[in-house]
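Student: I am new to this structure and would like a close look at a single part, the place where the two chains meet. Please set it in its surroundings as you go.

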Amino acid sequence: MTLVNGKDFKGRVHKALKDEELRANFRRAMDGLMGKRAMQFTDGDEWTRLRNLGESIKKRALSKLPELLERLEENCTKNGIKVHWARTVDEANSIILEILKSHDVKTVVKGKSMVSEEMELNHFLGDHGIRALEADLGEYIVQMAGQMPSHIVMPAIHMNKGQIAKLFQDNLPDTPYSEDAAELTAIARKELRREFMEAGAGLSGVNFAVAETGTLCLVENEGNGRMVTTVPPVHIAVTGIEKVVENLSDVPALLSLLTRSATGQPITTYFNMISSPRKEGEKDGPKEVHLVLLDNGRSKVYRDTETRDTLQCIRCGACMNHCPVYTRIGGHAYGGVYPGPIGKILTPQLEGLDEYPEHASASTLCNACVEVCPVKIPIAKMLVRLRDENSGNCPHGEHPLKGRGAKSSTIENAGWSGWAAMNASPATYKVATTAMSRIGNLLPQSAPMLKEWTSVRVKPKFAKKTLHQMAKEMGLKDE
Amino acid sequence: MSRTPIEKPKSVYFFGTCLVDLFYPEAGVAGIELIKREGVEVIFPQAQSCCGQPAFNSGQRDKARDVARAQLDLFTKDIPVVLPSGSCAGMMFKHYPELFEGDVDYNKACALANRVYELSDFLLNVLKIKLTDKGEPMRVTWHGSCHSQREMGVRSQPKDLINQLENVELVELKRETECCGFGGTFAVRQPEISAAMVSDKADDVEATQAQKLVSGDCGCMMNITGHLDYRKSDVQGLHLAEFLWERTNDPR
């Protein structure tokens, strides 16, 4: 069974918009997150400086991505970390399965990793008799509910305390119903503590992989990331190839941008820097550390200098927290692993426009995401690019995206040709607008586009005279 | 980051925009009157049509460029081009240079982009207009368009103008900076999401108990008032220019 599916976007949107509890959960949560972030960036100059720095760090890293990845491999290897390259999700899954099998692992405990969601790793391992248990509280909740994360930073943000209380009561033996956040956390903590001790391996994501030193940085709040990377005898880190940064000195700025943008925290409770397996004489840490570097379409995104900016993302989630569309429909409606504005541009690039044909159009181009993106990804510009690609009239010829022309429509193209002919010729424009102001109001409500418009609005009313006519009557100079 | 203030010019071009031309010409007239009252001549090239944004945002870059190109030769004097819309101004200011990149008309496009002003920004920061309120006491609220805020840096200017009016009480929306759900063809391509957004916006408007909703962009206004009228609300929507002109001109 797969939970990832780009088709029937509108069906899922319809369902989400009708779910009042869901909408209230998102509205409340997003309002809270926007408020917290705003408190972190009260100094506009500091914000501008820092995000310019963040952008330049990521751009510099991407500008020499192949070289940095090789340096990362070299330095990780020196540190005793085994590096694996995976072109596809299937390759990455097989690599991990082999590692787990060679250690006869029955249970792997997981820290939060969106890349592992991309891989549908839990299902894959389950099919091969290995249990993958999510140890991040939000992920633990959605796994119990049989769902996908609805947010890249806060996976269970679509649920309220009552829903979580019910879920725990139904799924964990001897658990009384409690809506108290501290009690709910304590319940999960007790369950997970035992699992950390018994698991044969731990799996985590990576926030920043430092090429210079071969260090894997992991940002988290619950301590589960530290547990999964230190307690089990084997630690496997999975990451997309775009997470590499050049130098250790690049990390502080990105870390600050990440935590402040994501949750409004000046810094997270835990910041892990993993640089090797357990060394001789050390008392803790895994005996083996593996790093799996996944491409899964990223190098295609990379080779086009315009779409490359997508890979600057540090996965803070601020774009979705501020998105009026995401706030209304929630994360699951998108159908992909990555929801919200970043998902709208990343998912069709990784999976193909034909798989996610509605993503690019599901935006008002309001630019709220662009305004808060800590690494200045031009999301709106990218959405327009994807719309060009969708329509198939795309002049960006060098590297067509998979599924180009997915929304190409002869009727729509003809409509736009007519529109352009009318607006590019002053004479035609004059005839057409004069005609519209005379008879435009006779258009029936069932006319194309008007039907959708009038589902919740009255018909727009053409004025009796155009501004062109009125300007002439006012005697304004026409030159 | 509003546009760099310049000295008060002797004359300006007025780009009416297609929505104003067809649906809200009174807003255009009011904008022109406000500028003229400050002693500035207004030139209205009759050959103007649309900025090209509808096609640009719909994946029809070539057609957008055709229409945009038709505007480039109409505004060639080195004087400001004023638009009663932050969105169309944003199209010219921000997207023309990008649309004409590598094109023979690139320099022309940039020259035009650099002279584009959103109306309220122009009235306040260039003309330094001082308004004398002649209207009855009234409560209004303000909706700022996304593109005027985030592409033209027009945030407080319209509210500063409204606040110059002595008898007007401005009650701000709870989510003033949030999109109304118009988004051009978004409203018909994703009608359900758009409906949810405009409905929330209308709730916010009604909660202010304002008599009028003032906006600087006719796209947003058509959307919000279209829905307010649909739900038979008493709140009346109008363009900032029309509102300011109504309250400050001498009755004829």
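**The contact between chains A and B**

Tutor: The contact takes 58 residues from chain A and 57 residues from chain B. On the side of chain A that touches chain B, at least two residues each come from α1 (9-18), α15 (324-329), α17 (368-372), α18 (379-391), α19 (410-424), α20 (426-439), α21 (450-453) and α22 (467-473) of chain A. The most is given by α19(A), with 6 residues. Sorted by class, this side of chain A holds 31 nonpolar, 15 polar and 12 charged residues. The model is a predicted one, and what follows should be read with that in mind.

One residue to look at here is A:Arg457. A:Arg457 sits in the loop between α21 and α22 of chain A, and both of these helices supply at least two residues to the side that touches chain B. Across the contact, A:Arg457 touches B:Asn223, B:Gly226, B:His227 and B:Tyr230, leaving out residues up to four places away in sequence. A:Arg457 counts as buried because 24 other C-beta atoms lie within 10 Å, and the cut-off for buried is 20 or more.

A:Asn367 is found in the loop between α16 (340-351) and α17 of chain A. The phi of A:Asn367 is positive, about 75 degrees, although this residue is not a glycine. With 23 other C-beta atoms within 10 Å, A:Asn367 is buried.

Chain B has a residue with a positive phi as well. B:Thr17 is not a glycine, yet its phi is positive, about 75 degrees. The loop that holds B:Thr17 runs between β1 (11-14) and α1 (18-22) of chain B. B:Thr17 is buried, since 27 other C-beta atoms lie within 10 Å.

B:Val82, for its part, is in contact with B:Val12, B:Tyr13, B:Phe14, B:Ile35, B:Tyr117, B:Leu119 and B:Phe122, leaving aside neighbours within four places in sequence.

Chain A contains 22 helices and 10 strands. Its radius of gyration is 26 Å, close to the 23 Å that the globule rule gives for 479 residues, so chain A is as compact as a globular protein of that length. Along the principal axes, the C-alpha atoms of chain A fill a box of roughly 90 × 55 × 45 Å. Of the 479 residues in chain A, 48% are buried. Among contacts in chain A with a separation of 6 or more, 73% are between residues 24 or more positions apart.

Chain A also has an open sheet of 6 strands, in the order β1-β10-β7-β4-β2-β3, with parallel pairing. Its edge strands, β1 (81-86) and β3 (131-134) of chain A, each pair on one side only. From one strand to the next, the twist averages 25 degrees. The strand β1(A) is joined by 6 bridges to β10 (residues 288-294) of chain A, and the two run parallel. Within this pair, A:Ile81 stands opposite A:Val289 in β10(A).

Technical notes
Residues are numbered from 1 along each chain as its sequence is written. Chains are lettered from A and ligands numbered from 1 in the order in which they are written. This is a predicted model: local features need pLDDT of at least 70, side-chain atom pairs count only at pLDDT 80 or more; totals for chains, interfaces and linings use all residues. Two residues are in contact if their C-beta atoms, placed from the backbone, lie within 7 Å. Helices (H or I, at least four residues) and strands (E, at least two) are DSSP runs, numbered from the N terminus. Ala, Val, Leu, Ile, Met, Phe, Trp, Tyr, Cys and Pro count as nonpolar, Asp, Glu, Lys and Arg as charged, and the others, Gly among them, as polar. A residue is buried if 20 or more other C-beta atoms lie within 10 Å of its own, exposed if 12 or fewer, and partly exposed in between; C-beta atoms are placed from the backbone. The radius of gyration is taken over C-alpha atoms; the globule rule is 2.2 Å times the number of residues to the power 0.38. Two strands pair if DSSP finds at least two bridges between them. Axes are lines fitted to C-alpha atoms, for helices over the stretch in contact, and angles run from 0 to 180 degrees between N-to-C directions.
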